[in-house]
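Dear colleague,

Here is the structure I said I would pass on. My notes on it follow below.

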Amino acid sequence: MESNKQLQARFQKVNLLDYKGDQPLKIAKADQSHRVFTTYNIDGLNQTEDPISIDFTVKKASNIKLLDKEKDQPAQHKRSLQFNCNIEEEALLFFDKREIIPSDNSNINQHIKVNVTEDAEFIWSEIVHLDEVSDYHYYSLMEIWAEEQCLAYDPVQFDGSEEMLAHHGMTESYPYVASIWYISPDPPFDEWDVQQRLSQAKNHRAGMTDIDGKGILIRWLSTDLTLLKQEMDDVLAFFDEKITELRKWRV
Amino acid sequence: MSTNDSPKLLHILHMHHSSFLKSQVAHAIGMEMYIRSKQINSKEDLASFCHSYIGSYLIYNDAIMIKELFLKLKKNDWDQVLYLAEIYNARKNVLELKKTSRQAGNRFLDRLLSIEESPILSKWSEEIKDRDSLNHYVIVYSLYAFEKGFDLFSTIQTYLYFSLTNLVQHAVRAIPLAPKDAEQVTLEALAEVDQATELAMTLHFKDMQNSAIGLEISAMQHKYLLSKLFIS
């Protein structure tokens, strides 16, 4: 039976998170210090088969980085996550690399709905493993709004048993799919700065697109997890550097 | 009235005629990188691409959008029509594909309004005066098809069929392939177009999905090519 729990975390005294679910969701301030970000570890998203619903507000001018502590862990057989987030003006939420590893017969369903207010910024990065098992269902809807305007509506779906995925244009035979979303009305870099960090090694593909001048999306298909992680780390470190340059004067 | 009526059938077929300046280059943009890297280099490769293109990319996006637009127009729910246009615009992740689709929408809308009275398209034209980013080809096509009383099945089926033939025509020149190979690919895919249309009739908005990551990456890379075979 599902219950409502308000709580578990207060970020910088003002950022609130409401959580719906029985299993404990743990959020703790990380030891690592940063000139701009306040970093939190998030834990417990992968410990229940009950639906998890999180409503999260990043208050004005906060710079929050969330690190998923459960990466590298195979997902529960059934996992349902509803993540609603409102990022107020001048604030930034950076959800660092989540790794989704479907287990046998797993059914993973997540809906990430984010609203960015005025000049708020949002960064999300994720890797999905497609070759660990053959029988899984993964559905992830990324829905990003800038108040009235929908910036992204991306219902990614992979079904391990789906023959179609092997065809040209789909995920083909690549075992890893990764994405980075960076939403900002005025990204603090040139697209070539990012483009030059993407390699086109054999059996590794990467592409980047502008989202109507409101951000960028980078996508990878890869057979090399080490190279993929290196490249994502490089891009995220570059974002971190540029964000720090700008925001260090505001904190 | 059904498009089985000959004049209606000819009318909907003519909507896809090249004289309407309809650009389906968007579909070829993603394919170009596969052709350049020799991953699409034969009749079989092209058939594989068409299979995923019709059976996944178009059916779970454009076909569902056409169906949902028909449904909302039938209920006269204009707010939902605008919402669907907003979602369709956001659903296209790659800017190059977005721009090409909008360009085709703009051309199609202008041409239709210049040749006949259309209350729905006039209303749409007013609506997007300040939001022309929503004016995608599939939206204009659906609005017009609904207004003209084309049945939903034929509207989706012809859309899929002409997207397929357009893609094959581009591939024939770029790979290159013998014309008879292209005809074989097209004829073999016809049954798939039919099945995809049948399936689309049973799908809903919540069934929209994106599995075409390879196609997206190819379309993203296309922007950075120094010389391009296909441009919008």
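Angles between axes count as roughly parallel under 35 degrees, roughly antiparallel over 145, roughly perpendicular from 65 to 115, and oblique for the rest. This is a predicted model, in which local features need pLDDT of at least 70 and side-chain atom pairs count only at pLDDT 80 or more, while totals for chains, interfaces and linings use all residues. Residues are numbered from 1 along each chain as its sequence is written, chains are lettered from A, and side-chain values use heavy atoms, without hydrogens and water.

The helices (DSSP runs of H or I, at least four residues, numbered from the N terminus) come first. The axes of α3(B) and α4(B), residues 78-91, come within 9 Å and cross at roughly 170 degrees (lines fitted to C-alpha atoms over the stretch in contact, angles from 0 to 180 degrees between N-to-C directions). The two helices are therefore roughly antiparallel to each other.

Next, the cores. A nonpolar core is a set of buried Ala, Val, Leu, Ile, Met, Phe, Trp, Tyr and Cys residues joined through side-chain atoms within 4.5 Å, where buried means under 20% relative accessible area with a 1.4 Å probe, protein chains only. The largest has 115 residues, and F83(A), I87(A), L93(A), F122(A) and W124(B) have the most contacts inside it. Helix α3(B), residues 43-74, gives the most to this core, with 16 residues. Apart from it lies another core of 25 residues, including F37(A) and W220(A).

Last, F122(A) is in contact (heavy atoms within 4.5 Å) with residues including I87(A), L93(A) and W181(A), leaving aside neighbours within four places in sequence.

Regards

Methods
Buried < 20%, exposed > 50% of the residue type's maximum accessible area, 1.4 Å probe, protein only.
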